[in-house]
Amino acid sequence: MKNRAVKRFRIFGLSTDRIFRAASLRIMVPVGLTFILFLLSVFLFFIPFMEEQLMGQKRQLIRDLTDNAWSLLGQYEAEVKSGKLSLKKAQKRAMNRIRKLRYGPEGKDYFWINDMQPKMVMHPYRTDLDGQDLSDFTDPDGTRVFVEFVKTVKDHTAGYVGYAWQWKDDPDRMAPKISYVKAFKPWGWIVGTGVYVEEVSEEIASFSRRVIFVSSVILLVVLLFALYIILESVKNERRRMRIDEKLHESEKMFRNLCEEAPFGISITDSDHCFEYLNQKFVDLFGYTKGDIPDKESWFKKAYPDKDYREKIRSTWHNDQRNENWGLIEKNNMARVFSVRCKNGEEKIIRFGVVPLEEGKQFLTYQDITEASRMESALRESERKFMGLYDESSKALEIYRSFLLSSADAIVLYDMAGKAQYVNRAFTEIFGWTEKEVLDQRVPFLPESEREKAMGIITDIITNGTSCHNLVTKRLTKDGRLLDVSISASRFETYEGKASGLFVILRDISEKKALETQFYEAQKMESVGTLAGGIAHDFNNLLMAIQGNVSIILLNQNLDDGECQRIKNIEQYIQKGAHLTKQLLGFARGGKYEVKTTDLNDLIRNGITMFTQAKKEITVHMELDEDIWMVEVDQGQIDQVLLNLYVNAAQAMPEGGEIFVYTRNQNLSQDLVKTLDLDPGRYVKVSVADAGMGMDEAIRQRIFDPFFTTRDVGEGTGLGLASAYGIIRNHGGVINVESKAGMWTTISFYLPASASDLSVETSAPLDGWIHKGDETVLLVDDEEMILDVGTEFLKLMGYRVVIAENGTQALQLYEEKRDEIALVILDMVMPDMTGGDCFDKLRDMNPTVKVLLSSGYSVDGQASKILDRGCNGFIQKPFKIEHLSKKIREILGSPEAILSGETGVNQ
């Protein structure tokens, strides 16, 4: 280097040569490329992007402005419709307003209006075009501008149109323009405004100039900074070269010593990468730096046994702690390990280590294989293999126990997809034994799942991607289709070679059934709430009709024909009330009178009436004679049974046989999992037919309200829906089993009664109207109920005070509490519920007498109010005789007259 001729020159007083040029290139090239890339990104991407964004903003601006002008026309149109302005005057004012609208930096951007002919209605700068037909008006490029406006709004109501137009108020300058036009259909006008493309280009040009200026400043600063770095680099490079020369001499001496050493030597840096291996090391192990670039690769190759490798790794890490280094150096300690050479030979090596500066390590490797092997090879081998044998035996037993005790099905496949093992749970769930599927493909993949399954299997085999909790379906040996959750992974040999698939299959059929049942219950609950509300409002309406009919029937001057027609109306009201009972039953609010009942008696009585009407149907009964009692509304359960008989008969239009069964059943915790019931005693009733059956789609919807397979006009579809609600309201459950074309069985479970005593119910109406002379407070938010209720009470002789809501009722009771003998209270009111009103009345007077009235049934909120001490409940719609009897039952000492004495022959 000293003898080498070097060309030099001076910059800022420093001698410069090839070192300067090299440093300049290393720094200036990246800086220059970075700056060029910056400029390219600005001019090729950022500025075009900004131009696009700016144009988009301009387009959105003219669209928003046009919408505002369009809204202004809408305001004038509203005044025309309201009669405040004539059409002509409104149009004139609108044109004047829009003509004056200006915006933009110079306030010269404007709006114009033309019609659909097209004819110019108003243009603020081209008044010469006002009123002219512009069908042939073209710009310098031949575009029929106003025809394009009309075409755009006809096709899309509004849109953008590009063309050339005079520059704002300068008619001698034409410029490209984009306008947004929108049709105002009530007047047949098109309103629009636009933006000049040159305005956007000018903004971008201004932005580009600023970018160029800033870039130039940045370039100058970068160049000055780069020059400074270059000069400093030249100084440092020369200093480094002088040091390198000295190091080269030392290294040459050290290398000669290492190369001649009779043992292996290696030097590692602070990152545990090998910096140097002497020739003895290569001869000893066969590994070069290319084979073992770092300590990690050395560990994996020299110690292929994972457990042994971890033991050695742990020893090295422990030795590297500060307190251990000093101990090793002081006592000249060394470590002895067995090493796997590149050719597969095992050698026993004594390791020595000397820590160097900067975290480096100097290691020596001495081959002591022969000496150690003569001394301890046999003993070490025996100990090692005995330990391995014990560990493998223990692992094998754990593995077998895991596979055998698993509640989930487990299958081991080879890489060809053939079963190598199935556990006991697999046989229990799917039916095939290990012997039947060994070395074969398990035939439980349905065709519908084949494509998806093969894709997942291919991914697992090819890429080793695990599959977790995949929900799918699999066939059993007897042809049943199960819902299963599958987890699968590829397993490998100790050498890392793919060996097969480990698959776990969990039967989730019961879980899926529970989910389906839960979603069905939610759906029925929602529709039930709606049905209950409809039934309540309908009962209020029927109450008003029934009340007026009852009052008319009290008129003694009616002739027989009129009386009969009014009685017909009353019968229709009863049919409507029966329909609302079905709705309330479906809404899970339909129990009225509960009795301890023998279901066998209900079935026998109902069957007798049914078979008299359906003589083509034969009914077979198999009734448990020791059937448990149940607490039910007998009318409601009669309705359920009749719906089931009718449904079975309709499945056999040509006639057939129906089978009715009753059974006592103790349902355990396991049996009620899929029934949504609490464990306990239940009575099961089943109605079966040998009719046409139903497919799965119909079976899923059979309890839906208004769902029916019959033609329009042949039924409402409420029968089974109301049956579902009634049974659920009684604390039971109803379900259906069917096979298309063969049979259907519908069963329901009702909880057995803890009592054998019947609940007493009110005696039937006797046709008497019970009178009184007390004061009654009638509370209801429905005006029609107040009207008919007031008339009823006055006909019975009572003095009446009415309240339209709970708040008013409390005020009136506070004022007249000494006069009011009874409060007839509606349960559902907007400002205050009947329950809240009742509680406040009881706070005012603990002995207040209250008769609760509602379009809902006695269940639910009404029963809770009765439990709190309410004196009675009456269901809407009711007759005057029923109301009069309820009042006297509460107030006592009834005075009665026969309703027939008032002119009505009951």
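Where is Asn 278 found? Asn 278 sits in the loop between strand E9 (274-277) and helix H5 (279-285); helices (H or I, at least four residues) and strands (E, at least two) are DSSP runs, numbered from the N terminus. This is a predicted model, in which local features need pLDDT of at least 70 and side-chain atom pairs count only at pLDDT 80 or more, while totals for chains, interfaces and linings use all residues. Residues are numbered from 1 along each chain as its sequence is written, and side-chain values use heavy atoms, with hydrogens and water left out.

Asn 278 counts as buried because its relative accessibility is 0%; buried means under 20% relative accessible area (1.4 Å probe, protein chains only). A polar atom of its side chain lies 2.9 Å from the backbone nitrogen of Ile 265.

Strand E7 (residues 189-196) is largely enclosed by the rest of the structure, because 8 of its 8 residues are buried. Trp 189, Val 191, Thr 193 and Val 195 cover one side of E7, and Ile 190, Gly 192, Gly 194 and Tyr 196 the other. Strand E3 (residues 111-115) runs antiparallel to E7 and is joined to it by 5 bridges; two strands pair if DSSP finds at least two bridges between them. Strand E6 (residues 170-184) also pairs with E7 in the antiparallel sense, over 8 bridges.

The largest nonpolar core has 36 residues, of which Ile 637, Ile 658 and Phe 748 touch the most other members. Such a core is a set of buried Ala, Val, Leu, Ile, Met, Phe, Trp, Tyr and Cys residues joined through side-chain atoms within 4.5 Å. Helix H16 (residues 634-650) gives the largest share of this core, 7 residues.

Key
Buried means under 20% relative accessible area, exposed over 50%, partly exposed in between (1.4 Å probe, protein chains only). A polar contact is a pair of N or O atoms within 3.5 Å; within protein, one must be able to donate a hydrogen and the other to accept it, and residues adjacent in sequence count only if both atoms are side-chain atoms.
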